[in-house]
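Subject: Structure for your review

Dear colleague,

Please find below the structure that I am handing over to you. My notes on what was found in it follow directly after.

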Amino acid sequence: MKCSYCGETNSRVVDSRHIGDGIRRRRQCLSCDARFTTYERVDLGGIFVVKKDGRREKYNRDKLSSGIRKACEKRPLPIGAIEKVIDSIEAELYHTGKTETSSSLIGDLVMQRLKHLDHIAYIRFASIYREFSDIDTLKEVVDTLAQGEASLSIASQSSQHRSPKTDSLLSLTGEN
Ligand SMILES: [Zn+2]
């Protein structure tokens, strides 16, 4: 994406928003710091999603969005975080070049991203998507998160910065 002021091709995205059937991005030029807006269209209109029971339906961004929003309800997420999650899932689906995908693949893609974004949202989404039937399955998921957290804190021991993931894990113990 070329800077309209200096022609530099490297920019960083400062905000990303879904508008109509496209994505509006605010970008900042890495060379002159100028900010400009781009509109990008991701066309997943032709993609079909195969559900668990074998039925096919047209990919629907709003449906995906409402599922993720439910999981993220009242979580302290940065503005635009959910849209970014959906954008990156759509980009990944788009780049597979396939005209058909499965609801379980989309579910996995959501899980991957929520795991990094917010542990509570991750567990909420997992409990619906994986259809937890008992407390042991839930415990497995929480244990996996806790293990990931342990290796993360070893890796960043020298860092004074407190991970937001640790915060959500702490609030998990408070919530239950
Ligand atoms: Zn520039």
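Read along the sequence, the chain has the pattern β-β-β-β-β-α-α-β-α-α-α-α. That comes to 6 helices and 6 strands in its secondary structure. Please keep in mind that this is a predicted model. Of the 176 residues in the chain, 17% are buried. Among the contacts in the chain with a separation of 6 or more, 45% are between residues 24 or more positions apart.

The nonpolar core

The largest nonpolar core has 18 residues, and those with the most contacts inside it are Ile68, Leu114, Ala121 and Phe125. Two or more residues of this core come from each of helix 1 (61–72), helix 2 (81–96), helix 3 (103–117) and helix 4 (119–129). Helix 4 gives the most, with 5 residues. As general background, nonpolar side chains in soluble globular proteins tend to be buried together.

The buried residues of helix 4 are His119, Ala121, Tyr122, Ile123, Phe125 and Ala126. What is Phe125 in contact with, leaving aside its neighbours within four places in sequence? The contacts of Phe125 are Ala71, Val110, Met111 and Leu114. After helix 4 comes Glu131, which has a positive phi, near 50°.

Packing of helix 3 against helix 4

Two packed helices are described by the angle between their axes and the distance between the axes. For helix 3 and helix 4, the axes come within 8 Å and cross at roughly 155°. Because an angle over 145 degrees counts as roughly antiparallel, helix 3 and helix 4 are roughly antiparallel to each other. Their crossing is left-handed.

On the side of helix 3, the residues that meet helix 4 are Gly107, Val110, Met111, Leu114, Lys115 and Leu117. Their counterparts in helix 4 are Ala121, Tyr122, Phe125, Ala126 and Tyr129. By type, the residues of this contact divide into 9 nonpolar, 1 polar and 1 charged. Val110, Met111 and Leu114, which belong to the helix 3 side of this contact, are also among the residues in contact with Phe125.

Packing of helix 2 against helix 3

The axes of helix 2 and helix 3 come within 10 Å and cross at roughly 140°. Helix 2 and helix 3 are therefore oblique to each other, and the crossing of this pair is right-handed. In the contact of helix 2 with helix 3, 7 residues are nonpolar, 1 is polar and 2 are charged.

From helix 2, this contact involves Ala81, Val85, Ser88, Ile89 and Glu92. They meet Ile106, Leu109, Val110, Arg113 and Leu117 in helix 3.

Individual residues in loops

Some residues other than glycine deserve a note for their backbone angles. Asp33 has a positive phi, near 70°, and is not a glycine. Asp33 is found in the loop between strand 2 (22–29) and strand 3 (35–41). Is Asp33 buried or exposed? With 11 C-beta neighbours inside 10 Å, Asp33 counts as exposed, because the limit for an exposed residue is 12 or fewer.

Lys74, also not a glycine, has a positive phi of about 60°. The loop between helix 1 and helix 2 holds Lys74. Lys74 counts as exposed because it has 7 C-beta neighbours inside 10 Å.

Gly54 is placed in the loop between strand 4 (48–50) and strand 5 (56–58). There are 6 other C-beta atoms within 10 Å of Gly54, so Gly54 is exposed. Gly54 and Ser103 are 49 residues apart in sequence, while their C-alpha atoms are 9.9 Å apart in space.

His116 lies in helix 3. With 11 C-beta neighbours inside 10 Å, His116 counts as exposed. The C-alpha atoms of His116 and Leu145 are separated by 10.0 Å, and the two residues are 29 residues apart along the chain.

With kind regards

Terms used. Residues numbered from 1 in each chain as written. Predicted model: local features only at pLDDT ≥ 70, side-chain atom pairs only at ≥ 80, totals over all residues. Core = buried A, V, L, I, M, F, W, Y, C linked by C-beta atoms within 7 Å. Buried ≥ 20, exposed ≤ 12 C-beta atoms within 10 Å, placed from the backbone. Helix = DSSP H or I, 4+ residues; strand = E, 2+ residues; numbered from the N terminus. Contact = placed C-beta atoms within 7 Å. Axes fitted to C-alpha atoms, helices over the stretch in contact; angles between N-to-C directions. Parallel < 35°, antiparallel > 145°, perpendicular 65-115°, else oblique. Left-handed = near helix turned anticlockwise from the far one by under 90°. Nonpolar A, V, L, I, M, F, W, Y, C, P; charged D, E, K, R; others polar.
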